[in-house]
Amino acid sequence: MILKAIVLLIALFALQRVWQLSPGFGIHSKGYIHRPGPCRTVKPIQTGSEDITLTDNGIAFISSGLRLNLCKQLFDKKIQQFTGRIYKFNFNDPAHAAVEVALPRELEKDFNPHGVSHWKDASSDELWLFVVNHRKDNDNVEVMKYNHELNSLSLVRSVQSTMFTSVNDILAVGPKSFYASNDGYFHGCLRSLEVVVGLALGSVVFFDGVTASLVVQRQSDLNSMALSEDGTRLFLTKTFEQQINIFNISKENGNLMFDRAIDVGVSIDNIYADPVSEDLWLGAHSSMYLLSQHMTNLDAKAPSKVVRVHPLGLEADRFESYELHSPFGDDGRLISRSSSAVYYQEQMLVGSISDTLVFCDIIV
Amino acid sequence: MIWKCVLLLVVAVVMQHCYKLALIMGYHKTVYAHWPGKCHSVHPVLQGSEDIALSEDNLAFISSGLRIQVCDLDGIDPRNNEFVGRIYLFDFNNPEAGASEMILPKGMMGPTFNPHGIDTWFDSATGRVYLFVVNHRADEETVELFTFDRKNSNNSLAHVRTYREPEFRSLNDVLAVSSEEFYVTNDGYFRNCWKTLEFLFLLKWSSIVHVTQEGGGEIVATGHALNSLGKSSGLVFATSPVGRFLNVYKRNDDGTLLLRHSIDVGTGIDNIFVHPHTMDLWFGAHPIGHAFLEHTTNLDTPAPSQVIRLHPTGEQDDPFSSVELFELFSDSGKLISASSSVAVSGNRLLIGSLLQKLVYCEMTVPN
């Protein structure tokens, strides 16, 4: 009798998880092709452009060559041969290829970059680049200084913390301070269990330059972060739940107070907040099913999609109502598994987890 | 023991069927807006532009005012019962002039004229355009044949003939093969309250009827909720908005059809437009089933709209063995609701809706 009850409970729970996960899984999603204008791949990137950070004067830094530490046995072996790199792309000179940025010597042999962010000093124009680095032993946040003339990065500080369980993205809020999102707890094949069962083991860490503290805890499915133009709100994406969570930031201690969640209707990855229009730009995967097939075989195309969330609310609550647009859709022919998108002066860059980088002129 | 197994089986079948219906209803789907360029409504169309047929010289004939109620209980917005059946003309060579209402023959008005699918046939010998129109008369389903003489007509249609066949059960679209031969779809078997059950049980009781010169109709294909017809070089196409697929048939010399491919398009494709130069297939489509139904029960509730282009990529002897799908237009219903038809001329697009406006777009982006 008890056994029957337990079996029933497990079955109901499994059904509920299937129901929650299936929209994101997108077995029936088609990658319809549409463009906002002429689009092309950016040389020489072919092994991923997972995250992009964009300065206010149109310089984009792109992390490339991500080797995800999740059930490597099932993934295409080619992924383990990827080389971690940082590229630079100039929106003011888009015909030029992306240029590889020289890494600090300390990182050359141990660089597996994921999320990126930057901080620019308004008066001195100094630029710091923050990169999530999945080192051999643990996840670090590398804080680096960028040298414009030499196009090189020097390591300022390598931040470690026991609170970094599985860092995905990084959001700089000062030359030394940042938020880091943990997308889960387990590495390797156990991560699938975490996702399937919906274990709430993700979190967001705030590092003020000296100490780290957990500002969001016991959450599942966390991914990427962006900052509102006035620096008072933080946007956090949740992939399978297809949502953006909006938090208010406490000025005193960097704590996050949950404000609202907005549904985006597709599995979103990295987020970029346009400081001019306040639109949110997202790289998205219209089919996680095809994404997972692509991970096991890089030659299998997976659809890509860019979503733009345009706020319609009043100043006090900008995302109380919003419109959803999609400037870019692809079946994988140009780019598979789009994970990020940034916008600058009627131009767009679209990044992918393990594929190309795409540049588009936006004419509609 | 046996009963438990049977019960389990029944539950499994019912659950699987409900899952299929849930997919059709599209509760899991979201629409993202994007246009191919500047778009605007075409004056004065307000009561629908369900189907569009393009003539050789870029004149678009548009059926308007479709009254869709077939059952008192189907909850259709009562305002739809007051719609007036019309044929509009839109000239792609003069898009700023809007659409002009065509003058119909006496007798083609009120309950006698409820136009649905249309198609044109150009007689190059006489220079005359033949217009076939599916007509849901009060008591019967007919196909009306009109002629249009561009030079002498002052925008009027002359009635030639009314086709009535026992195979006409619930007509939807017509496909002209000559001035005296055509195909029509029955989008179901019933055109009354039983239609709801036909839909709920996903019955494959719709058909394609071939009407020949000699007279008489013959059912040449059956399927699930077949809707619109098109043709191109020995092939005939049929859409299914409920099934979300495109059927590709080989047309035999005797007019019978042989199904070659059934292509999953992933969205509710309605009326089909075969591009005269590229041979690509364009569709007006309904991306979210439940939003479409809600719109029919309340005309003020917007329903999303979509235009899809299907480009065949197979070998010459079997071009539709593989295809690419492009989405040219997507709208939440803000500009146009329930897009059912499309016509293309150069880089211009005309989008028709089931019960609402007509929209004209410039396609600035090559897609």
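A salt bridge is a side-chain nitrogen of Lys or Arg within 4 Å of a carboxyl oxygen of Asp or Glu. I looked up how many salt bridges link chain B and chain A, and the count is 3. In one of the salt bridges, the side chains of Asp264(B) and Lys30(A) meet at 3.4 Å, N to O.

I note that this is a predicted model, in which local features need pLDDT of at least 70 and side-chain atom pairs count only at pLDDT 80 or more. Residues are numbered from 1 along each chain as its sequence is written, and side-chain values use heavy atoms, without hydrogens and water.

I next looked up the contacts (heavy atoms within 4.5 Å): 24 residues of chain B touch 21 residues of chain A. The buried area, which is the accessible area (1.4 Å probe) that two parts lose on being put together, summed over both, is about 1900 Å² between the two chains. Carbon and sulfur atoms give 59% of this area. Tyr32(B), Leu325(B) and Val365(B) supply 29% of what chain B buries against chain A, more than any other three residues.

I then turned to the surface. Leu8(A), Leu12(A), Leu15(A), Leu7(B), Val11(B) and Met15(B) form a nonpolar patch with about 600 Å² of accessible area together. Such a patch joins nonpolar side chains (Val, Leu, Ile, Met, Phe, Trp, Tyr) within 5 Å, from residues with over 30% relative accessible area and no salt bridge. Accessible areas come from the Shrake-Rupley method with a 1.4 Å probe.

Why is Val11(B) counted as partly exposed? I found that Val11(B) counts so because its relative accessibility is 40%, and partly exposed lies between buried (under 20%) and exposed (over 50%).

Note on methods:
Chains lettered and ligands numbered in written order. Patch = residues over 30% accessible without salt bridge, like charges linked within 9 Å, V, L, I, M, F, W, Y side chains within 5 Å. Buried < 20%, exposed > 50% of the residue type's maximum accessible area, 1.4 Å probe, protein only.
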